[in-house]
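Subject: Structure handover

Hello,

Here is the structure, with the sequence alongside. Notes on what turned up follow below.

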Amino acid sequence: DAAGLTASRLLAGWLLVSSLGAQTLAPRWSCSNLGRSWMTMAEGWYLRHRGFDHKSFQDLGISVDPLHGTSSPYLAACTDSADLLRFNGLMKPWLAGSWKAGNAPVCKMPLWLKRLLLQDMS
């Protein structure tokens with residue numbers, strides 16, 4: 001539904017160039033905004049209507065600013081199925097040493113990365 005679209009879904013469509021020409025990739029193929037430290041009220045609303053209740057936010061260490069409706073840290077619910085992770089925002093993983101404590105984005109490790117790491121360990 002249109003109200004549930006997040007900013008990451010409003011990005012211009014990703015194009016895959018192949019011998020068949022350019023094709024638009026499904027939105028679930030990529031996960032954006034992973035370098036952000038906070039969520040907008042609309043993004044928080046989207047997650048709450050997808051099953052993340054107040055207790056879920058608390059368990060993940062996410063706080064809500066009652067004045068502005070923003071939440072921090074950022075919660076990325078798309079990382080486990082995405083093939084492309086986009087760290088737009090200031091919090092790049094290669095700069096993790098400069099992050100403030102408790103402000104790191106919350107996400108789930110992608111299945112493909114989990115498999116890759118398990119292969120490297122065996």
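Helices (H or I, at least four residues) and strands (E, at least two) are DSSP runs, numbered from the N terminus. The model is predicted, so local features need pLDDT of at least 70 and side-chain atom pairs count only at pLDDT 80 or more, while totals for chains, interfaces and linings use all residues. Residues are numbered from 1 along each chain as its sequence is written, and side-chain values use heavy atoms, leaving out hydrogens and water.

Salt bridges (a side-chain nitrogen of Lys or Arg within 4 Å of a carboxyl oxygen of Asp or Glu) number two in the whole structure. One joins Asp59 to Lys55, with 3.1 Å between the closest N and O atoms. Both residues sit in helix 2 (residues 54-59), four residues apart, about one turn of the helix. Asp59 and Lys55 are exposed (over 50% relative accessible area; buried is under 20%, partly exposed in between, with a 1.4 Å probe and protein chains only). The other pairs Glu43 with Arg36 at 2.9 Å, N to O. Here Glu43 is buried at 5% relative accessibility, and Arg36 is buried at 15%.

There is one disulfide (cysteine sulfur atoms within 2.5 Å) in the whole structure. Cys31 and Cys78 form it, with their sulfurs 1.9 Å apart. The S-S torsion is about 60 degrees, so this disulfide is right-handed. Cys31 lies in strand 3 (residues 30-31) and Cys78 in the loop between strand 6 (75-76) and strand 7 (84-85), 47 residues apart. Both cysteines are buried.

Regards
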